[in-house]
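Please read these points with the model open beside you.

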Amino acid sequence: MGTLDQEVLELIRAVQNLAPEEEPFFATAEDCNYFRSIYRALPLPSPQPQVVVEMKLAPKPVKRETPPPPPLVPVVEKTVAAPRAPDSFDDLRHLFGKIAPQIRIVDNIPSDGAAKMVSERWKTRNLAAPISLLFYQEPPQHRLLLEHLAEALDVVFGNARLIQCASIEKEKQWDAFLSVPGLKTVIICDAALWQLPNLLQFYREVPSHSERFLQNTPVFLLPDLSLYLKDPLLKRSLWKALCQKIG
């Protein structure tokens with residue numbers, strides 16, 4: 001069987017595979033000759049060009065000689081001169097001692113704290129009222145009670161004010177506060193007074209007359225304010241004692 005017959009046979013088998021459900025059939029010699037004549041009339045396919053791949057070996061790496069290390073250079077340590085000490089003023093002291101002995105030379109600049117305190121005295125004086133109620137770190141409920149007490153005193157006696165004294169304590173301005181001419185009475189919680197060491201320096205008692213003062217100003221010490229929150233009826237006795245003290 002020639003190459004053409006082999007190709008025809010493979011074509012028949014391919015057709016048979018496309019329709020496997022159909023019954024096989026066999027062609028006659030006349031049919032085969034007919035299909036051979038048609039196939040031979042077809043142009044032959046052009047041959048595919050062959051691709052030739054040329055393999056080249058990579059060149060061997062060239063070994064390079066490692067350059068010799070640079071010669072060692074001796075390091076010369078530089079001597080750093082010590083900072084020059086500031087010039088002493090002993091010569092000037094000695095000179096001023098001769099030409100102006102009345103001038104006093106001080107080593108340190110004097111503090112201006114005292115001058116600042118004097119400059120802030122007007123602010124502290126403006127805080128004071130004839131009846132000054134002081135509060136420091138009381139809880140909100142206690143402070144609200146002091147606010148109501150200040151309002152009541154202001155209505156009855158006039159010129160009553162609730163004052164936060166933390167800044168006065170910090171700046172040590174109690175001397176200026178207590179020296180206000182119109183200051184009549186200071187009211188403060190007993191517990192708050194003992195937390196203000198700068199104010200406590202001005203506190204004094206006269207046991208023979210049962211009187212208490214802050215410098216020369218009468219002071220009324222309030223007990224624990226939680227007592228008045230637990231028993232509101234005690235507020236009546238507190239108000240009566242304040243009226244006796246102020247009136």
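1. Helix α6 (residues 140-156) packs against helix α12 (residues 234-246) at an angle of about 45°, their axes lying 12 Å apart; α6 and α12 are therefore oblique to each other (angles under 35 degrees count as roughly parallel, over 145 as roughly antiparallel, 65 to 115 as roughly perpendicular and the rest as oblique). The crossing of α6 past α12 is right-handed.

2. This is a predicted model, in which local features need pLDDT of at least 70 and side-chain atom pairs count only at pLDDT 80 or more, while totals for chains, interfaces and linings use all residues. Residues are numbered from 1 along each chain as its sequence is written, and side-chain values use heavy atoms, with hydrogens and water left out.

3. On the α6 side, L145, L149, A152, L153 and V156 meet K235, W239, L242 and I246 of α12, contact meaning heavy atoms within 4.5 Å. The residues of this contact divide into eight nonpolar, no polar and one charged.

4. The second largest pocket holds about 170 Å³ of space (a pocket being an open set of points on a 1 Å grid where a 1.4 Å probe fits, with protein on both sides within 12 Å along at least five of seven lines). Its lining has 13 residues, of which E138, H142, C189, A191 and A192 are the closest to its centre; lining residues have an atom within 4 Å of a point.

5. Helix α9 (residues 190-193) gives the largest share of the lining of the second largest pocket, three residues. That lining comprises seven nonpolar, three polar and three charged residues.

Terms used. Grid points are joined across faces, edges and corners, and a volume is the space filled by probe spheres set on the points. Helices (H or I, at least four residues) and strands (E, at least two) are DSSP runs, numbered from the N terminus. Ala, Val, Leu, Ile, Met, Phe, Trp, Tyr, Cys and Pro count as nonpolar, Asp, Glu, Lys and Arg as charged, and the others, Gly among them, as polar. Axes are lines fitted to C-alpha atoms, for helices over the stretch in contact, and angles run from 0 to 180 degrees between N-to-C directions. A crossing is left-handed if the near helix is turned anticlockwise from the far one by less than a right angle, and right-handed if clockwise.
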